[in-house]
Amino acid sequence: MRYWTTEDRPAGEQFSYWREVICEAFTPLAAELPGARRTGRAHAHEIRSWVRSSRLTATNCAEVSSATQLITHGAAEVRRTVTDHVFVNLQISGHCVGTQAGRRCVVQPGGFALFDTTREYGLEFVADDRTEEWRCVSFRVPRARLLPLVADLDGATATTHDGTAPGMARIVASTMLSTWNGLDALDPAAADAADTAFTTLLAAAAGGSDELRDTGRADLDAGLRAAVNRYLAANLRTGDTSAGAVAARFGISVRKLHQLYEGTDRSFSRTVMALRLDGCTRELTAPARTGTLTELAARWGFADLSHLNRVFRAHHGCLPSEYGDRGPDGPCTPVPAAVRTGSIPGRGVTATIASRP
């Protein structure tokens, strides 16, 4: 992950450096502070700003924070742009007034809008009064990947999508946040899958073309299911992962959430339980493991130790105490994969336990 900050620069050089940073991290841009034209001091100004940036595969992801300013991608910047992209800016704090193609949109926290680098646009970011900063998560998607999937890409820019309301916009916003927060944990295959899923979901929110519809509901559901799984993994110990809470987080019904997992190896509830079990298993083999098995069970959301014992033995063929003492390569009898697929029970469900010699 790349990181830029103005805080290690002398105050008088910070804004000049910031103008260079946003061009390197995003696309050719020009920045202007409030009153800069009137005072003639556009470059000599202290400004607290930072950018963190990392890639999926084709899509670049970033988080940015700064002070109130006007950022433009004007005619000169369009001429200097060597690659064509569409930016998806999700507002976290403060707000943004965006303009492109004669349209004007106001993006409040939780909302997002698209901007096309092949045409001029402007972004007036206004800081939150309390923090004196604005912050957003920005995904840069190759225009060539999005163009065939959106019926009218030119008409989809500078339009506010409310990610706080039920619907596709909330799914896109949730996917952006869960992808950004879990980016470092993705291997290349997972990153590529996340990239494809995000592009597909974004196109559906922006107005899908016939080509997008031809991809079929299964592809859209697979992308949404992947986003839900990333959210579960990131919030398993600290958030509410009940079906109702997760469905509300993604703006879908509980019935739709369960439908996403139909025809897969595991239902939604079994997926949650499998993730909890994976967390326990990792802790059992950690060199610095501390605490009791009862505390371990509570930490990962099991009802009690007997619940953990039942689920663990169904999957691993031994108890957590045996696994922890002897390790995964010890005398535990592995449960065959064909049995293990359905061996993640919920509370009060009888576990399928492989016979042991």
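Student: Is Phe-198 buried or exposed?

Tutor: In this predicted model, local features need pLDDT of at least 70, side-chain atom pairs count only at pLDDT 80 or more, and totals for chains, interfaces and linings use all residues. Residues are numbered from 1 along each chain as its sequence is written, and side-chain values use heavy atoms, with hydrogens and water left out. Buried means under 20% relative accessible area, exposed over 50%, and partly exposed in between (1.4 Å probe, protein chains only). Phe-198 has a relative accessible area of 1%, so this residue is buried.

Student: How many aromatic pairs are there?

Tutor: Rings of Phe, Tyr and Trp (its six-membered ring) pair if their centres lie within 6.5 Å; planes under 30 degrees apart count as stacked, over 60 as edge-to-face and the rest as tilted. By this rule, the number of aromatic pairs is five.

Student: Which kind of pair do Phe-139 and Phe-198 form?

Tutor: Phe-139 is buried, at 0% relative accessibility. The ring centres of Phe-139 and Phe-198 are 5.0 Å apart and the planes meet at 70°, so the pair is edge-to-face.

Student: What is the angle between the planes of Tyr-261 and Phe-268?

Tutor: Tyr-261 is buried, with a relative accessible area of 4%, and Phe-268 is buried at 3%. Their edge-to-face pair has a centre-to-centre distance of 5.8 Å and an angle between the planes of 65°.

Student: Which ring does the charged end of Arg-237 sit over?

Tutor: A charge sits over a ring if NZ of Lys or CZ of Arg is within 6 Å of the ring centre and within 35 degrees of the ring normal. At 4.9 Å from the ring centre, the charged end of Arg-237 sits over Trp-300.
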